[in-house]
Amino acid sequence: MSDAQNIVHISSLLASRLCHDLVNPVGALSTGLDVLGEGDDPEMQAHAMALIKESTHKTIAILTLARLAYGSSGGWEGDLDMGEAKPLATDFFVHSKAELVWKLTESAMAKPRARALLCLLIIAERTAPRAGSQVVIAKEGEGYTVTATGPKVKFSDEVRQAVAGDVQNLQAKETPAYLAYLLCQAQGDTVSAHQPDEQILIFKIQP
């Protein structure tokens, strides 16, 4: 595959991942609007409005975090305001089984490294499917970690490969992990993933 084909392929996979993430909340939003227009039963109207509000919030949360993690608004150079990133990540996790624990204290971070961490948060959210799980983002020594803990936490071999820069079996759902790898490469960082036991897995970025 040529460089141009590879760029188009990765871009297409990332677009597919974003569309997949939006299908359910946008579909629920449409359902709520349909119910709202079908009658005047107060209970059904209240249910429809609740569904519309929840789906709208989830859609906005997915889009705004994706824009920050995947996009390059404002250019490649400079720092990302982590005061902007934290509430967007928090809103994203409102609709997750896992609780986000944000332990970073930096007010700003180089854009490639910050975006890589946000991509890892998006990946880590999918690895923690049970209520009571946590995803913790923190500084560790000179590096940074995104750690998922809880019952049944697990990432696939494809995620492990994507974080290592292997695109042979890359699918849309693992694309944020590969983007994290590319961003770390651009920053001069390394990124790794390992699972020391069945209730914890760790993504690590090291300068």
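**Before selecting anything**

The model is predicted, so local features need pLDDT of at least 70 and side-chain atom pairs count only at pLDDT 80 or more, while totals for chains, interfaces and linings use all residues. Residues are numbered from 1 along each chain as its sequence is written, and side-chain values use heavy atoms, with hydrogens and water left out.

**Stop 1: the whole chain**

Display the chain as a cartoon. Six helices and seven strands make up its secondary structure; helices (H or I, at least four residues) and strands (E, at least two) are DSSP runs, numbered from the N terminus. Followed along the sequence, their order is α-α-β-α-β-β-α-β-β-α-α-β-β. The radius of gyration is 18 Å, close to the 17 Å that the globule rule gives for 207 residues, so the chain is as compact as a globular protein of that length. This radius is taken over C-alpha atoms, and the rule is 2.2 Å times the number of residues to the power 0.38. Along the principal axes, the C-alpha trace spans about 60 × 40 × 35 Å.

Next, switch to a surface. The chain exposes about 10,700 Å², of which carbon and sulfur atoms supply 53%; the areas come from the Shrake-Rupley method with a 1.4 Å probe, and for residues only the protein chains shown count as cover.

**Stop 2**

Two strands pair if DSSP finds at least two bridges between them. Within this pairing, Thr149 has Ile200 of β7 as its bridge partner.

A hairpin of two residues leads from β6 to β7.

**Stop 3: Thr147**

Return to β5 and select Thr147, which lies in that strand. Is Thr147 buried or exposed? With a relative accessibility of 13%, Thr147 counts as buried.

Which residues does Thr147 touch, not counting those up to four places away in sequence? They are Gln134, Val135, Val136, Ile200, Leu201 and Ile202, where contact means heavy atoms within 4.5 Å.

Technical notes:
Buried means under 20% relative accessible area, exposed over 50%, partly exposed in between (1.4 Å probe, protein chains only).
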